[in-house]
Amino acid sequence: MFFYIIRRINLLVITVMALTVIGFYLRSRIPGDLPLDGNLFSNYFDYLMAISQGDLGITSGTAQPVMDEILTVFPATLELCFSAFILSITIGVPIGTIAGMRRGSSLDSTIMGISLFIFSIPVFWLASLVMMYFALNWDWLPVTGRLNLLYEIDSVTGFMLIDTLISDNPHSQEAFYDALKHLLLPTIVLATVPTTEVIRQMRNHVSDVMKQKYIKAAASKGLSKTEIIMRHVLRNAIPNMIPHLGLQFSTVLTTAMVTEAVFSWPGIGRWLINSIYQQDYAAIQGGMLTVAIFVVTANVLTEILTVVIHPIRRKELYAQH
């Protein structure tokens, strides 16, 4: 397991270095942003030293450091992504478990058919549809932003739900519920695609666990179906889901850019789209480098976590050696 973790870390380092090469090329195309001399390797080393100190350049739109703006908008994206990720797991795991327990039945076919239909819906179309009905026609929920402008909440963590709870504003409780209402619609839209994938993966893993002999042995001992599910099925199926969950979080993070644009959510996705419109190359390369490193790191950490907590996966690694 130790050598496996070392290989994963090496892969992370190599991938990040490849990303920095791309970022160095893009930043070198910005006139006057990166001072260059005749030595390419020296220039690249200076670029690595700059980004290691948080220097990603200056935006042409606001003349502010790119890192400062990323630190301002990235927490909004993470709040939205974590909310959608938690919602997809909360809905996907039990539904996928039911489908896996009843694989081949009409209920399983119905669940998978609905999941496939939802998966095929374009995110931008679903976001526009949800906005039109729930916000504009029925006026149930707010349509844009993170918080009503009437509430003055100081940004401490960057996560609006947390900031409203820890704020000393006398209307902090009302602000919290308002922030929750602003978060609801984009979270539902962003969670649709990963929820269907969690259902599919959970169904497959539960179905595989149900074929194992220890499940039949547990049933022969007189354990109820609920005990079998809680003590054996979920305990062995969920660890296999961890690598897929890491990939789904990456999907959520990339899909968030479209969702943020539709709902005017002030996150890094909307910020990057605005930077593209303004041809702000320093912001584009800095934002894409940050998102890419975050995604790669999340995937590697989930793989390592799977090996650490999953005995079967560790046995597979020992067998390979």
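Among contacts (heavy atoms within 4.5 Å) in the protein chain between residues at least 6 apart in sequence, 71% join residues at least 24 apart. This is a predicted model, in which local features need pLDDT of at least 70 and side-chain atom pairs count only at pLDDT 80 or more, while totals for chains, interfaces and linings use all residues. Residues are numbered from 1 along each chain as its sequence is written, and side-chain values use heavy atoms, with hydrogens and water left out.

Begin with the whole chain, coloured by pLDDT, the predictor's confidence in each residue from 0 to 100. The mean is 82, and 93% of the residues reach 70 or more. The secondary structure comes to 12 helices and zero strands, where helices (H or I, at least four residues) and strands (E, at least two) are DSSP runs numbered from the N terminus. Select helix H3 (residues 66–101), where confidence is highest at a mean of 90, and then helix H12 (residues 311–320), where it is lowest at 55.

Next, turn to the interior: of the 321 residues, 45% are buried, that is, under 20% relative accessible area with a 1.4 Å probe and protein chains only, whereas exposed means over 50% and partly exposed lies in between. Centre the view on Met202 which, leaving aside neighbours within four places in sequence, is in contact with Gly92, Val93, Gly96, Thr97, Leu234, Ala237, Ile238 and Met241.

Move on to Trp140, placed in the loop between helix H5 (123–137) and helix H6 (160–166). Trp140 counts as exposed because its relative accessible area is 55%.

Finally, select Gln64, in the loop between helix H2 (40–52) and H3, which counts as partly exposed because its relative accessibility is 41%. Not counting residues up to four places away in sequence, Gln64 touches Gly57, Ile58, Thr59 and Glu69.
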